[in-house]
Amino acid sequence: MKTELLIIGAGAAGIAAATAAWDAGCRDIVLADRRERPGGILPQCLHEGFGHAQYGRELTGPEYAQQIAQKLNQTGVRLVLGTEVLAVYGNKSAVLSDRSGLTQLHFERLILASGCREKSIGSLPVVGTRPAGIFTAGQAQEMINLHGQDLGKEILILGSGDLGFIMARQFAQSGKHVIALVEKEAHYGGMARNYHRCVEPYKIPILYHTTVAEIHGSGRITGVTLRHLDGGGEEEIPCDTLITALGLLPERDLVRGLGEPEWLFFAGNCHRVHDLVDSAVSEAERIGRAAAE
Ligand SMILES: Cc1cc2nc3c(=O)[nH]c(=O)nc-3n(C[C@H](O)[C@H](O)[C@H](O)COP(=O)(O)OP(=O)(O)OC[C@H]3O[C@@H](n4cnc5c(N)ncnc54)[C@H](O)[C@@H]3O)c2cc1C
């Protein structure tokens with residue numbers, strides 16, 4: 001099989017790049033995503049705060065996804081869902097896997113729009129067991145918002161970036177006890193607007209200069225040891241759920257080792273992590289036009 005332009009990832013960036021490439025005259029585009037629906041992480045972000053620059057008002061993640069999907073639907077881009085790209089080779093070919101098996105696809109240009117992955121608890125020097133009840137913020141968001149699961153009652157959040165803030169508010173709004181956000185620095189990591197919307201109104205404490213040193217529990221987490229990095233010693237805090245919001249890493253494994261060939265482009269969070277979707281989209285539109293030209 002052949003295509004002019006292959007785009008890996010149908011999140012906000014991949015959709016925007018595909019639409020812009022089509023509008024710039026490219027008429028043979030395959031947009032592949034391993035998930036069964038387009039939009040990437042947007043459908044799980046039920047809070048408002050998306051699209052202020054692009055649409056002049058604040059949308060939820062699903063509403064934003066719908067807006068960009070509508071534009072995509074007006075093009076002839078071939079959207080293939082439930083399709084994982086397993087490998088990309090220097091001879092401009094990729095191996096795609098779906099329910100019918102493996103396909104080799106040859107392309108002229110490739111846009112990688114594969115998003116980012118979350119750092120897990122394993123990225124920190126935390127001792128102790130790894131029982132149930134420890135989730136990254138994105139996993140927790142997906143399990144609650146898309147699968148209706150109830151994760152726990154006594155919640156501790158490690159990391160005070162935007163993801164940590166948004167999950168803190170969601171737990172507080174659903175009647176859970178958010179014990180604290182734990183932050184090793186002297187200031188929170190998220191945007192001030194999210195602090196004022198998500199943390200302040202719910203009086204959720206942020207423990208600065210503090211980290212999780214040890215995890216307790218065998219079947220299920222029962223608590224953690226907090227270490228106060230400013231010389232304040234250690235204390236044990238009981239909890240049944242630990243959410244890690246430790247930051248995001250661009251997901252570029254597929255093209256590692258390929259160097260910088262002129263046919264390869266990056267868009268969205270796999271290029272650099274965008275706090276705002278509007279920024280990911282406007283950059284991806286530029287990349288889509290460049291790839292088409
Ligand atoms: C919890 C959270 C809250 C946010 N809140 C806001 C907010 O309030 N306001 C705002 O403006 N922005 C917000 N953002 C930021 C914004 O949502 C992101 O910057 C943007 O959606 C990233 O889009 P993307 O397309 O780069 O990545 P993603 O949405 O992650 O899409 C990447 C896609 O690539 C697919 N993929 C990856 N590898 C492969 C492969 N090998 N084969 C096939 N498919 C693959 C994945 O399945 C995924 O669908 C938030 C982000 C998060 C995580």
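Predicted model: local features only at pLDDT ≥ 70, side-chain atom pairs only at ≥ 80, totals over all residues.
Q: How many disulfides does the count come to?
A: A disulfide requires two cysteine sulfur atoms within 2.5 Å. The sulfur of Cys198 is 12 Å from the closest cysteine sulfur, that of Cys45, which is too far for a bond. For Cys270 the closest cysteine sulfur, in Cys116, is 9.1 Å away, again too far for a bond. By this rule, the number of disulfides is 0.

Q: Is Cys198 buried or exposed?
A: A residue counts as buried if its relative accessible area is under 20%. Cys198 has a relative accessibility of 1%, so its class is buried.

Q: What is the relative accessibility of Cys270?
A: The sulfur of Cys270 lies 9.1 Å from that of Cys116. Cys270 is classed as buried, and its relative accessibility is 0%.

Q: What percentage of the area that the ligand exposes when taken alone does the protein bury?
A: A nitrogen atom of the ligand lies 3.1 Å from a polar backbone atom of Arg34, and an oxygen atom of the ligand lies 3.2 Å from a polar side-chain atom of Arg35. A polar backbone atom of His274 is 2.8 Å from an oxygen atom of the ligand. Taken alone, the ligand exposes 1000 Å², and the part of this that the protein buries is 94%.

Q: Where does Lys92 lie, and is its phi positive or negative?
A: Most residues other than glycine have a negative phi. Lys92 lies in the loop between E6 and strand E7 (93-98), and its relative accessible area of 23% makes it partly exposed. Although Lys92 is not a glycine, its phi is about 60 degrees, which is positive.

Q: Is Lys203 buried or exposed?
A: Lys203 is found in the loop between helix H6 (192-199) and strand E14 (206-207). Its phi is near 50 degrees, a positive value in a residue other than glycine. Exposed residues have a relative accessible area over 50%. Lys203 reaches 73% relative accessibility, so its class is exposed.

Q: Which residue has its backbone oxygen 3.1 Å from a polar atom of the side chain of Thr3?
A: Thr3 belongs to strand E1 (residues 2-8). Thr3 is buried, at 4% relative accessibility. The backbone oxygen that lies 3.1 Å from a polar atom of its side chain belongs to Asp28.

Q: Which residue's side chain is joined to that of Thr210 by a polar contact of 3.1 Å?
A: Thr210 is part of strand E15 (residues 210-216). Thr210 has a relative accessible area of 2% and is therefore buried. The polar contact of 3.1 Å joins its side chain to that of His228.

Q: What distance separates the C-alpha atoms of Gly90 and Ile8?
A: Gly90 has its place in the loop between E6 and E7. At 52% relative accessibility, Gly90 counts as exposed. Gly90 and Ile8 are 82 residues apart along the chain, and their C-alpha atoms are separated by 16 Å.

Q: What distance separates the C-alpha atoms of Trp263 and Ala186?
A: Trp263 lies in the loop between strand E19 (248-250) and strand E20 (264-266). Trp263 counts as buried, at 7% relative accessibility. Along the chain, Trp263 and Ala186 are 77 residues apart, and the separation of their C-alpha atoms is 43 Å.

Terms used. Residues numbered from 1 in each chain as written. Heavy atoms only, no water. Buried < 20%, exposed > 50% of the residue type's maximum accessible area, 1.4 Å probe, protein only. Polar contact = N/O pair within 3.5 Å; in protein donor to acceptor, adjacent residues only side chain to side chain. Areas by Shrake-Rupley, 256 points an atom, 1.4 Å probe, with all protein chains shown as cover. Helix = DSSP H or I, 4+ residues; strand = E, 2+ residues; numbered from the N terminus.
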